[in-house]
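Thanks for coming, everyone. I'd like to walk you through one model today, so please have a look at it first.

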Amino acid sequence: MTSAPPVEQLPLPKLVALHLVPGALVTGAFVALAPLIAALRFPPIAALLAAVLVILVPFELGIVFRAARGRSGSLDAAVPYRRPLPLRDWLWLVPTLIVIAFLGFGAHMLIEPFLIDRLFGWLPQWFVTPILPERVGDYSRGAWAVTIVAFFLLNGLVGPIVEELYFRGYLLPRMEWMGRWAPLVNVSLFSLYHFWSPWQLVARILGVGPIVYAVRWKRNVYLGMVVHCTLNVIGVLVVAGLVFGRL
């Protein structure tokens, strides 16, 4: 049985660009689409979801599929972290990582209002809080229904699956030359990539960092997908309850 070919290692400047460019493009699209979304009487979050659909998904999937085509059409070559994970590992790792993520994000919420006020108070409110509870009633129930369905599909499922495939499936294995620092650099750049919510930089490192280490440890990108999707779906359900409770 022949061993798998070694994964191409990428230099730091290229890694930084591949981590940050899609986030910059998504943020630019979010800002550019916001006036159109407002004119259509949809909440600001719809502009960010549109940016995810038209920029994030095709850009990140395009890089992964291009890598696969370049290696004889093999997804294994493009995304090598696909080692089978025993059921017992799924049963303890998934809930453990979810709890750790909640603790990380929860702890950060104690200082997040301070960070927004002191460092990002110059940003428009619709950018900082694209779903503002006190303004839920400004939009129709139909607009919210469409937005929440899109929120569930793009933020709860498609977005995190594509991000994990790209950041942990494609990029992380190409950072192995960094050794034990690879997961920390990966999650730090992943956190910075969220230019549309820079006040959560530390929160994402705390909450997502253990997931990245677990993916590299187990060499299984699907672990990251399951945990990431679960966390985002919980967030979507909380937002949906808040929105429809105020309509």
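This is a predicted model: local features need pLDDT of at least 70, side-chain atom pairs count only at pLDDT 80 or more; totals for chains, interfaces and linings use all residues.

Residues are numbered from 1 along each chain as its sequence is written, and side-chain values use heavy atoms, with hydrogens and water left out.

Okay, aromatics. Rings of Phe, Tyr and Trp (its six-membered ring) pair if their centres lie within 6.5 Å; planes under 30 degrees apart are stacked, over 60 edge-to-face, and the rest tilted. That rule gives 13 aromatic pairs. Take Y166 and F167: their ring centres are 5.0 Å apart and the planes sit at 85°, so we call that pair edge-to-face. Both belong to one aromatic cluster, together with Y170, F190, Y193 and W196.

Elsewhere, K218 lies over the face of W217, at 4.0 Å from the ring centre.

So, is Y166 buried or exposed? Buried, at 0% relative accessibility. The cut-offs are under 20% relative accessible area for buried, over 50% for exposed and partly exposed in between, with a 1.4 Å probe and protein chains only. F167 is buried as well, also at 0%.

Now the core: a nonpolar core is a set of buried Ala, Val, Leu, Ile, Met, Phe, Trp, Tyr and Cys residues joined through side-chain atoms within 4.5 Å. The largest one has 72 residues, and Y166 is among those with the most contacts inside it, along with Y170, L171, L223 and V227. Helix α2 gives the most to this core, with 13 residues; helices here are DSSP runs of H or I, at least four residues, numbered from the N terminus.

Setting aside neighbours within four places in sequence, Y166 is in contact (heavy atoms within 4.5 Å) with L18, P22, F59, E60, I63, V64 and L171.

Last stop, F105, which sits in helix α4. This one is partly exposed, at 26% relative accessible area. Again leaving out neighbours within four places, F105 is in contact with A203, R204, G207 and V208. Its C-alpha is 33 Å from that of L40, 65 residues away along the chain.

Definitions and conventions
A charge sits over a ring if NZ of Lys or CZ of Arg is within 6 Å of the ring centre and within 35 degrees of the ring normal. Helices (H or I, at least four residues) and strands (E, at least two) are DSSP runs, numbered from the N terminus.
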